[in-house]
Amino acid sequence: MRTHAPAWGVLVAAFSLVLVVGFGAFGVGRVVDAWVGELPSVHDPKAFAYSAKTRIYANDRTTLLAEFYLQDQEPIEKDQVGDYVLKGTVATEDTRFYEHEGVDYYGIGRALVNNLNGGSLEGASTITQQLVRNTLLSSEANDISFRRKVREAELAIEMEQAYSKDDILLMYLNTINYGSGCYGIEAAAQHYFSKSAIDLTLAEAATLVGIPQSPTYNNPEDYPENCTKRRNVVLDRMLTHGTITQEEHDSAVEEELLLNVETRAQDGIYEYPYFTSYVRQQLLDQLSFEEVFDGGLTIYTTIDPTLQGYAEEAAAEVYDDMARTGDSDVSLSMTCIDPNTGYVLAMIGGRDWSDSQFNLATSATGRQAGSSFKAFTLAAAIEQGISPKTVIDCSTGFVNAAWSKPVTNYAGANYGYLSIERMTWVSANTGFARLVTDPDGVTPQSLLDMAARLGVAGDTKYGYGAYPALTLGAAQTNTLRMASAYGAFATGGIRHADTCITQVIAQDGTTLIDNTEIPGEQVLSPEVAGEVTRVLQGVVTQGTGRGSALPSGQVSAGKTGTSQEHRDLWFCGYTPQLSCAVWTGAAQEREMWEAPWCKDAWRIFMSLALDGRERQDFPTAAEPNYDSAFNKKQSVYSEDAAKDTIAQLSGASLAEVQAALGSNLTIVETYSSTVAAGSIVKIEFANGTYIAYVSIGPDPNAGGESDGADSGEEPPGGGEGPASPPDDGEQLVGEGGGEPAP
């Protein structure tokens, strides 16, 4: 039995005539013993553990990004609390604090008499009892019963035996609820007055001391009049208790309630909300909610404040351009990764976090990749032995059962025959469509596998599947995935899984997560990665990505992307040091124009990020082994093979040439005074097509030999040869352009 049971028998008897009459003093003692038979230990350190904040830092380990917590609590020592708070709390909450032993029997009697006589209601709980209620018995705090009061009092007596008065007072001040989510005097002082507890004035201290009586209705933010009245009650009690002078009292009472409320970060996030919210989600995926929000973790992330500033600067400049063109509804997403570590160094997830918390940089839904996906087709082709020099028909209007309508190039461009590298530079849709539908070409499944190996994968509902339209970017992705995938090209085929966290350290110093050294995986051979990079360098120097070239001369490679009706614009590019993907589009998808926003943002950011760094070259590698049957089949369209073919057909008749070259032959009639009509003057090869110049005899108007007889000069109205491809322009599919939905 607890030693205080007899005393509690008397007390409960005084409060409850029913118990006295019903059970008698002996019965009361038995009931009380049952109530206090199983109580938590006052020596349990976990019971008095303060709610610990988890703090998240940038890669410099000093820039604070966020604080996550269940309660806003900042435990402090006694010398960090001013006398006004210490003495005011005692004078208001428990004037006999230094005299009683946990329960103030005299105070209970006084409060009972006062309340029965109709005075303003008074409580009789001591500071120690309130501490017990908020810690050891927090699960019973809302239980209004004699049982709870008895248990609370019993523990308060034990607390007084185990701890000093000053320790108990400090524990109380560090745990009590001061409203607005603030627990403890320091958190309250910082929140309401933006200063430390030791710096509070008398009026400020009295304001805070008065809040715990009713943290809701004494809250100075929501109920300033109630709070002021309660503050003055505290000042009255401090005066009565001899804590302050009459002059101090009167001066403080005359003061207006002047708050300096700190601006609370939304969800505890202070900096880079798109990135930091992503970090929070990654933590919750790996740790429990309690660990993240009540574990007092120290978390170091990969974000580089300097590079993040450059990313925001680039985005702001592009947004200014958008405003000038009336495209203020368009958002930008950007992710920069160190391809040699996988660390996310900068991230822009949208226009304004306060307007939309949807993170475009990491969203699982993503947006259509457009032609930026063609880089994966290129990688798959090279890996299976298809040479970038192999020629493919890139003429417009490709018809195949895999598409619901003909595949066309941007603006209906008719490129004729181009090598795979040149068709990548100009982003010819029809060439890529033919490549993934040819039995000897890149199968849709191998393309899907390549994208997955590079870290770009998703559900079928987001367009991922083994179908030909995948090469034209029908699948949805985000800038985080694309920057990570392109980074593998930069490192000679080694992919480091992207990460935003370097370390998570527990309160006791234990390292829970350590990504300081992420082992890379060789997902492509150095030969394949090197050849992909060589081709994608041409996109920047000669193709659709020319606007992204870096003024410093630092080598770079990349690929543009455009979805149907320009709803999504992309540029994914990389240097040996950094890989960065940029996307722009309207939240409410709409047709846009082929703006240079992505290339501009990439160039501005990368120029700033690499300023002052030594220029580097991409890794060198041997040429891959090009042994695909596709190369041999397409060789008839290549210039090297054409030279041999033309030599073999020297002196052949027109019928023999037609039989040998079939549909890959264009016939152009020309005057000739030296070659008989119907005979071949000469054969040329251009853009994958053979051109046979056939004599129609001398020019009747020449009055002599035609100057063009031996050169194959065309007569008026002669056949028109294949057009040279334009230098720039993104390609689209179908009427009006754009990739078809899968």
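## The chain overall

In this predicted model, the chain contains 24 helices and 21 strands, and buried residues make up 53% of its 742 residues. Among the contacts in the chain with a separation of 6 or more, 72% are between residues 24 or more positions apart. The chain exposes about 31900 Å², and carbon and sulfur atoms supply 48% of that area.

Thr479 belongs to helix 19, which covers residues 479-490. With a relative accessibility of 1%, Thr479 counts as buried, because the cut-off for that class is under 20% relative accessible area.

Leaving aside residues up to four places away in sequence, Thr479 touches Ser333, Met334, Thr335, Ala361, Trp570, Ala581, Val582 and Trp583. With one of these residues, Ser333, the side chain of Thr479 also makes a polar contact, side chain to side chain, at 3.0 Å.

## The second largest pocket

The second largest pocket holds about 370 Å³ of space. It is lined by 21 residues, of which Lys389, Val391, Ser419, Ser638 and Glu639 are the closest to its centre. Two or more lining residues come from each of strand 10 (417-419), helix 16 (420-425), helix 22 (629-634) and helix 23 (639-648).

Sorted by class, the lining of the second largest pocket comprises 7 nonpolar, 9 polar and 5 charged residues.

Conventions:
Residues numbered from 1 in each chain as written. Predicted model: local features only at pLDDT ≥ 70, side-chain atom pairs only at ≥ 80, totals over all residues. Heavy atoms only, no water. Helix = DSSP H or I, 4+ residues; strand = E, 2+ residues; numbered from the N terminus. Buried < 20%, exposed > 50% of the residue type's maximum accessible area, 1.4 Å probe, protein only. Polar contact = N/O pair within 3.5 Å; in protein donor to acceptor, adjacent residues only side chain to side chain. Contact = heavy atoms within 4.5 Å. 1 Å grid on protein atoms, 1.4 Å probe; cavity = no way out; pocket = protein on both sides within 12 Å on 5 of 7 lines; lining within 4 Å. Points joined across faces, edges and corners; volume = space filled by probe spheres on them. Nonpolar A, V, L, I, M, F, W, Y, C, P; charged D, E, K, R; others polar. Areas by Shrake-Rupley, 256 points an atom, 1.4 Å probe, with all protein chains shown as cover.
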